[in-house]
Amino acid sequence: MTTLFISDLHLEESRPDITNAFLGFVEEKALGVEQLYILGDFFEAWIGDDERTPLQEQIAAALRAVSDSGTRLYLMHGNRDFLIGEDYCNRIGATLLDDPTVVDLYGTPTLLMHGDSLCTADVEYQKFRANMRNPQWQQMILQRPLAERQQMARQLREISMAKNQGKEEFIMDVTADEVVKEMEAHGVQRLIHGHTHRPNIHDVELADGQGKRWVLGDWGKLGWQIVADSEKGLRLESFEI
Ligand code: MN
């Protein structure tokens with residue numbers, strides 16, 4: 001049995017190479033596996049399930065093929081695509097996961113997160129995140145006309161790019177104490193997340209022993225996945241795009 005994890009593809013019209021890489025990933029790797037988890041920032045932007053761009057429809061068809069193949073499909077929001085709703089999830093046959101969620105991965109409790117909530121050194125971003133994740137704010141936004149939301153998304157992106165440019169490296173990464181706190185609060189020795197674009201496997205010193213933090217990579221020149229095999233355990237893999 002195999003479970004796959006991916007995140008941070010940042011799918012968008014201007015990166016057809018990433019879209020093609022994902023379609024290849026579906027054909028060659030994902031169809032028929034037991035479970036596929038997408039841990040956020042799958043799309044570069046999302047302003048409501050009613051937008052239905054050709055890219056979103058093309059990806060929906062590929063994901064529907066995955067769920068139709070018998071694969072259980074799970075989707076978690078990232079900081080860019082947090083407005084993906086139940087409608088899109090129903091169309092692709094996916095279950096929307098809370099961030100964080102603990103799953104039993106072949107006998108090992110495993111904490112799944114997108115990862116942005118672990119970056120607590122970025123106080124300004126955490127305030128912004130709290131606003132964006134407010135359900136009332138989201139409802140208000142989703143009721144606005146599509147063109148207005150598209151305009152707003154463009155502005156948010158420009159602000160975000162300008163703000164991140166001046167930020168120090170460590171601020172953009174997870175805070176070590178926050179990782180320990182979350183893992184201990186959830187009683188797990190394994191965490192899988194994305195967001196930071198720093199694919200790696202880290203040891204984490206926990207009160208009750210050694211834990212591991214598995215970090216997915218963003219897709220660019222390489223694609224990244226974590227493969228969980230019921231017999232052989234986990235491995236972090238990259239492949240050429
Ligand atoms: Mn992210």
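Residues are counted from 1 along each chain as its sequence is written, and side-chain values rest on heavy atoms, with hydrogens and water left out. Since the model is predicted, local features need pLDDT of at least 70 and side-chain atom pairs count only at pLDDT 80 or more, while totals for chains, interfaces and linings use all residues.

**The six-stranded sheet**

Let's start with the open sheet of six strands, ordered S4-S3-S2-S1-S10-S11 with mixed pairing. Helices (H or I, at least four residues) and strands (E, at least two) are DSSP runs numbered from the N terminus, and two strands pair if DSSP finds at least two bridges between them. S4 and strand S11 (233–240) sit at the edges with a single partner strand each, so one side of each is left without a neighbour in the sheet. Neighbouring strands here are turned by 20° against each other on average, direction ignored. For angles, axes are lines fitted to C-alpha atoms (for helices over the stretch in contact), and values run from 0 to 180 degrees between N-to-C directions.

Strand S1 (residues 2–6) is mostly covered, with four of its five residues buried; buried means under 20% relative accessible area, exposed over 50%, and partly exposed in between (1.4 Å probe, protein chains only).

| Strands | Sense | Bridges |
|---|---|---|
| S1 and S10 (residues 222–229) | antiparallel | four |
| S1 and S2 (residues 35–39) | parallel | four |
| S3 and S4 | parallel | four |

At the residue level, Leu4 stands opposite Val227 in S10, and Phe5 has Tyr37 as its bridge partner in S2. The chain goes from S1 through H1 to S2 in a right-handed β-α-β crossover, a label that applies if, with the strands pointing away from the viewer, the path from the first strand over the helix to the second runs clockwise. Further along the sheet, Leu73 has Ala94 as its bridge partner in S4.

H1 lies across S1, S2, S10 and S11, running at about 165° to S1. Skipping neighbours within four places in sequence, Thr19 is in contact (heavy atoms within 4.5 Å) with Leu11, Glu12, Leu55, Gln58 and Ile59.

**The five-stranded sheet**

There's also an open sheet of five strands, in the order S5-S6-S7-S9-S8, again with mixed pairing. Strand S5 (101–105) and strand S8 (200–206) are at the edges with a single partner strand each, so one side of each is left without a neighbour in the sheet. The twist averages 25° from one strand to the next. Strands S6 (residues 108–112) and S7 (residues 190–193) run parallel and are joined by two bridges, with Leu112 opposite Ile192 in S7. Helix H8 (residues 176–185) packs on this sheet, touching S6, S7, S8 and strand S9 (209–215), and its direction makes about 70° with that of S8.

**Cores**

A nonpolar core is a set of buried Ala, Val, Leu, Ile, Met, Phe, Trp, Tyr and Cys residues joined through side-chain atoms within 4.5 Å. The largest has 37 residues, and those with the most contacts inside it include Phe22, Phe25 and Trp219. Elements giving two or more residues to this core are S1, H1, S2, helix H2 (54–68), S3, H3 and S10. Not counting residues up to four places away in sequence, Phe22 touches Ile6, Leu9, Phe42, Ile59, Ala62, Leu63 and Trp219. Apart from this core lies another of 15 residues, among them Phe5, Leu39, Tyr74 and Leu112.

**The manganese site**

The protein donors of the manganese ion are Asp41 (OD), Asn79 (OD1), His114 (NE2) and His195 (ND1), at 2.0 to 2.2 Å from it. Donors are N, O and S atoms within 2.8 Å of the metal (3.2 Å for Na, K and Ca); water is not among the atoms, so sites may look incomplete. Along the chain the donors follow the spacing D-x37-N-x34-H-x80-H. Asn79 lies in the loop between strand S3 (72–76) and helix H3 (86–92) and His114 in the loop between S6 and helix H4 (123–132), so the pair ties together parts that are 35 residues apart in sequence. Both Asn79 and His114 are buried.

Asp99 and Pro100 are joined by a cis peptide bond, with omega about 5°; Pro100 lies in the loop between strand S4 (94–97) and S5. Asp8, in the loop between S1 and H1, has a positive phi near 55° despite not being a glycine, and is buried at 0% relative accessible area. His197, in the loop between S7 and S8, also has a positive phi, about 60°, but is partly exposed at 32%.
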